[in-house]
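Open the structure in your viewer and follow the stops below in order. Each stop says what to select and what is there.

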Amino acid sequence: MATVETATDVTEVEPPVAAGPSPRWVLAAGAVLGTLAFLGDELPETVGRIVLTLTSNGFAWGAAAFVTGHLVRRARRAPVVATGLLLVATAVYYLLILVVSRRWSGGYTEDGSSYDMYGLISLVRAAGFWLVLAVGAGLVFGLLGHVVRNGSPGLSAAAAGLSYGLLAAEGMYGLATASWSMIDDPFVQAYVVSDAVQVPLALAVVTVLIARRGAPVAWTVYTTSAVCSAGVGIALWSVIASIRVSGF
């Protein structure tokens, strides 16, 4: 008797797509970012400004959240993960100040009493302020990073332009308010260079990530979005600078 072979359909199962950076990666990246920002404060002025330009300003921390959101595949998870990274970085930064450098201690008031309590209160206020900003920046940049990667061409271009304007805003604000009459001062020069470098660095980060889409870019939408968001970002940094001056 002849044997009849029955063909069976084989369904290929695609491997699951990685959701993005693991919690350990986020914790490690946040700890590194916060530690480098702290070291930038402690290093000599010129070297310190270089480190701070890359690790401790609106561009650096915004870019970290933006890239993190870009790497996360799930829309709801992207802003959460980006926010977690910035919260860890902020916590590590202020914990190092509290425990290692202790910049808040050692001073004295006019009547000769210890300034430690006032310094500690000021440190707590500053930490609280930047933790709140970390939440806002993480949610915004995390979502923008995800949209740049996964959104429609028009939406992706708008998100990319918005990201560039916000990432470059602190540098633009610094250049607009710099003490140009004292530009011969090396201290002023260091700050001007640091602010100026943030603008092309922001463009480089956004350009690299939007290029990873491998799709056409709506440049008119991108440019319009970038100009509008830069104006909003500069206004926001003006408010932040005023709060800084108040000493929290």
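**Stop 1: Thr83**

Select Thr83, which sits in helix α4, residues 77-101. The model you are looking at is predicted. Is Thr83 buried or exposed? Thr83 counts as buried because its relative accessibility is 7%, and buried here means under 20%. Now show what lies around Thr83: leaving out residues up to four places away in sequence, Thr83 touches Ala134, Val135, Gly138 and Leu139.

**Stop 2: the largest nonpolar core**

Next, select Phe66, Tyr94, Tyr164 and Leu167. In the largest nonpolar core, which has 51 residues, these four touch the most other members. The elements that give two or more residues to this core include α1 (23-42), α3 (58-71), α5 (116-150) and α6 (153-176). Colour α5 to see the element that gives the most to this core, ten residues. As general background, nonpolar side chains tend to be buried together in soluble globular proteins.

Stay with Tyr164 and show its contacts. Not counting residues up to four places away in sequence, Tyr164 touches Met172, Val199, Ala202, Leu203, Val206, Tyr222 and Ala226.

**Stop 3: Val206**

From that list, pick Val206, which is found in helix α7. Val206 has a relative accessible area of 0%, so this residue is buried. Which residues does Val206 contact, leaving aside its neighbours within four places in sequence? They are Phe66, Ala160, Ser163, Tyr164, Leu167 and Tyr222. Draw a C-alpha to C-alpha line from Val206 to Leu167: the two are 9.1 Å apart in space and 39 residues apart in sequence.

**Stop 4: a nonpolar patch on the surface**

Switch to a surface view and select Val32, Leu36, Leu39, Leu43 and Val47. Together they form a nonpolar patch on the surface, with about 380 Å² of accessible area. Helix α1 gives the most to this patch, three residues. Val32 lies in α1; with a relative accessible area of 48%, Val32 is partly exposed.

**Stop 5: the salt bridge**

How many salt bridges are counted? The count comes to one. To see it, select Arg244 and Glu170, whose closest N and O atoms are 4.0 Å apart. The pair links distant parts of the chain, with Arg244 in helix α8 and Glu170 in helix α6, 74 residues apart. Arg244 is partly exposed, at a relative accessible area of 40%, whereas Glu170 is buried, at 11%. In general, side chains of opposite charge can pair when their charged atoms come close.

Methods: Residues numbered from 1 in each chain as written. Predicted model: local features only at pLDDT ≥ 70, side-chain atom pairs only at ≥ 80, totals over all residues. Heavy atoms only, no water. Helix = DSSP H or I, 4+ residues; strand = E, 2+ residues; numbered from the N terminus. Buried < 20%, exposed > 50% of the residue type's maximum accessible area, 1.4 Å probe, protein only. Contact = heavy atoms within 4.5 Å. Core = buried A, V, L, I, M, F, W, Y, C linked by side-chain atoms within 4.5 Å. Patch = residues over 30% accessible without salt bridge, like charges linked within 9 Å, V, L, I, M, F, W, Y side chains within 5 Å. Areas by Shrake-Rupley, 256 points an atom, 1.4 Å probe, with all protein chains shown as cover. Salt bridge = Lys/Arg side-chain N within 4 Å of Asp/Glu carboxyl O.
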